[in-house]
Amino acid sequence: IDYGNKLNDKAFDHFQEGKLLDALVLFQDCKDYFQQNLPKDHILLAQALNNYGDCIRQFSLAYPQHDYATQQQLEYASRCFQRGIKILEAKKPVSDALLSNLYNNYGLFVLYNVKQQRTGIEWLKKGFLLRKKLVKEYQNKSESEKEVDMRKKIAISLNNMALGFSILEDYERAKDFIEKSIALYDQTILEEEDEDEVDDYLMKTKDIPDAYLGFLNNFGDILQKSGDDYNAMIHLERALRINTFNEDVKRVVTKKDGQEMEEIVHHTGDLKKPQMAGSTLSYMAQVFYEQEKYPEAEKALRVAISAITINLPLEHINVINLKTQLGHVILKQEDSKTEEEKKEAEELIREAKRMTHEKINSVKKDKRFKMIKSLLQREPVRGILD
């Protein structure tokens with residue numbers, strides 16, 4: 001068990017760093033090791049199946065052009081989730097906390113990878129209801145730490161369901177769910193940190209939760225898609241404001257003036273979570289783009305790239321995507337751009353395509369990927385299903 005857990009921990013490290021192929025190999029090693037050395041209904045095997053399935057899910061989303069996202073591989077991931085769920089459902093209620101995670105991850109898989117939104121939402125709802133049940137149990141047992149942690153997970157469930165309704169273009173329900181998600185997290189922060197105002201705490205803490213910033217980003221995106229650009233920017237600006245210690249950045253953001261957004265680039269070192277700030281700025285750029293405010297969108301994207309490349313390499317898929325968007329935004333300003341600037345935009349798009357192509361080819365040629373692909377083609381479900 002110790003060896004399997006070490007494989008799992010190392011895989012998670014790679015996963016967090018965006019090294020999805022490295023993570024995939026180790027998650028598979030962990031799954032195979034537990035299958036060979038533990039009873040077929042062991043909880044740790046269920047967790048390993050979940051982790052492996054979820055890594056396939058993330059890999060296929062990161063590289064949609066890649067043949068790893070084929071129906072065969074998605075079916076394999078689905079079987080992993082289903083087998084894990086089957087193990088844990090047979091061990092209820094002791095497995096409820098882990099089972100709620102599998103319901104959530106499988107719901108996201110069905111929502112985004114299988115593209116069956118309503119079915120995905122139903123799985124997410126199962127996780128949400130199970131987490132609500134667990135909160136009541138923890139309250140009755142006075143297990144306050146577990147209760148707080150599970151309430152935060154409920155907020156994540158609400159956020160994920162909001163994303164599902166947004167995909168279905170049911171923006172009223174999406175807004176309702178994301179508002180509840182933020183309100184629950186606000187309440188949890190106030191109680192946990194003994195604060196009167198949520199933003200007072202979030203402004204001064206270094207350890208601002210990624211999930212909370214993600215909620216605000218998603219709320220901004222949902223509002224923008226529903227046509228409410230003004231309130232979309234309010235939530236995105238708040239996400240950026242609480243994500244920095246620098247007062248100049250806070251001042252610039254609260255002016256709601258895209259012309260001044262370029263000033264933020266000089267203070268990206270003061271961002272608490274640069275990658276999350278890059279995400280916020282990319283959503284801001286989308287608002288500006290839809291309003292045909294292309295200079296503002298360009299500035300937001302340039303700052304976003306500066307922010308996320310603090311921690312991510314230039315060849316990371318998120319950086320490549322932002323550069324592609326930046327190139328297209330520059331070309332939208334064709335009348336006001338010099339020939340040199342237009343060439344820069346075209347080069348950005350070409351470079352992004354080249355880097356994407358090289359990244360996919362490097363994965364295809366990697367002997368570890370070939371090994372995994374060969375295994376799935378040869379025995380897509382053996383050892384996973386009875």
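1. Packing of helix 11 against helix 13. In this predicted model, helix 11, which spans residues 229-241, packs against helix 13, residues 274-290, at an angle of about 160 degrees. The axes of helix 11 and helix 13 are 9 Å apart. An angle over 145 degrees counts as roughly antiparallel, and helix 11 and helix 13 are therefore roughly antiparallel to each other. Helix 11 passes helix 13 in a left-handed crossing. On the side of helix 11, the contact is made by Asp229, Ala232, Met233, Leu236, Glu237, Ala239 and Leu240. Helix 13 contributes Ala277, Thr280, Leu281, Tyr283, Met284, Val287 and Phe288. Sorted by class, the contact of helix 11 with helix 13 has 11 nonpolar, 1 polar and 2 charged residues.

2. Packing of helix 2 against helix 3. A further helix pair can be described in the same terms, since two packed helices are described by the angle between their axes and the distance between the axes. Helix 2 and helix 3 (residues 43-62) have axes that come within 9 Å and cross at roughly 155 degrees. That angle makes helix 2 roughly antiparallel to helix 3. The crossing of helix 2 and helix 3 is left-handed. Among the residues of helix 2 that make the contact are Leu20, Leu24, Phe27, Cys30, Lys31 and Phe34. Those of helix 3 include Leu45, Leu49, Tyr52, Cys55, Ile56 and Phe59. By class, the contact of helix 2 with helix 3 has 16 nonpolar, 4 polar and 1 charged residues.

3. Overall composition. The chain has 17 helices and 0 strands. Of its 386 residues, 52% are buried. Among contacts in the chain with a separation of 6 or more, 66% are between residues 24 or more positions apart.

4. The pair Tyr3 and Tyr33. The count of aromatic pairs comes to 15. In one of these pairs, the rings of Tyr3 and Tyr33 have their centres 4.9 Å apart and their planes at 70 degrees, so the pair is edge-to-face. Tyr3 belongs to helix 1 (residues 2-16) and Tyr33 to helix 2 (residues 20-37), so the pair ties together parts that are 30 residues apart in sequence. Tyr3 counts as partly exposed, at 47% relative accessibility. Tyr33 is partly exposed as well, with a relative accessible area of 24%.

5. The pair Tyr106 and Phe109. The rings of Tyr106 and Phe109 form a stacked aromatic pair, 6.0 Å centre to centre with 15 degrees between the planes. Both residues lie in helix 5 (residues 96-113), where Tyr106 and Phe109 are 3 residues apart, about one turn of the helix. Tyr106 and Phe109 are both buried. They also belong to one aromatic cluster, formed by Phe81, Tyr103, Tyr106, Phe109 and Trp123.

6. The surroundings of Met161. Met161 lies in helix 7 and is buried, with a relative accessible area of 2%. Leaving aside its neighbours within four places in sequence, Met161 is in contact with Ile121, Leu124, Lys125, Phe128 and Phe177. Between Met161 and Ile178 the C-alpha to C-alpha distance is 8.2 Å, and these two residues are 17 residues apart in sequence.

7. Backbone features in the loops. Most residues other than glycine have a negative phi, and most peptide bonds are trans. The peptide bond from Lys92 to Pro93 is cis, with omega near 5 degrees, and Pro93 lies in the loop between helix 4 (71-89) and helix 5. Ser142, although not a glycine, has a positive phi of about 55 degrees. Ser142 is located in the loop between helix 6 (117-140) and helix 7 (144-167), and is exposed, with a relative accessible area of 64%. Glu292 likewise has a positive phi, near 60 degrees, in a residue other than glycine. The loop between helix 13 and helix 14 (294-308) holds Glu292, which counts as exposed at 58% relative accessibility.

Terms used: Residues numbered from 1 in each chain as written. Predicted model: local features only at pLDDT ≥ 70, side-chain atom pairs only at ≥ 80, totals over all residues. Heavy atoms only, no water. Axes fitted to C-alpha atoms, helices over the stretch in contact; angles between N-to-C directions. Helix = DSSP H or I, 4+ residues; strand = E, 2+ residues; numbered from the N terminus. Parallel < 35°, antiparallel > 145°, perpendicular 65-115°, else oblique. Left-handed = near helix turned anticlockwise from the far one by under 90°. Contact = heavy atoms within 4.5 Å. Nonpolar A, V, L, I, M, F, W, Y, C, P; charged D, E, K, R; others polar. Phe/Tyr/Trp six-rings, centres within 6.5 Å; stacked < 30°, edge-to-face > 60°. Buried < 20%, exposed > 50% of the residue type's maximum accessible area, 1.4 Å probe, protein only.
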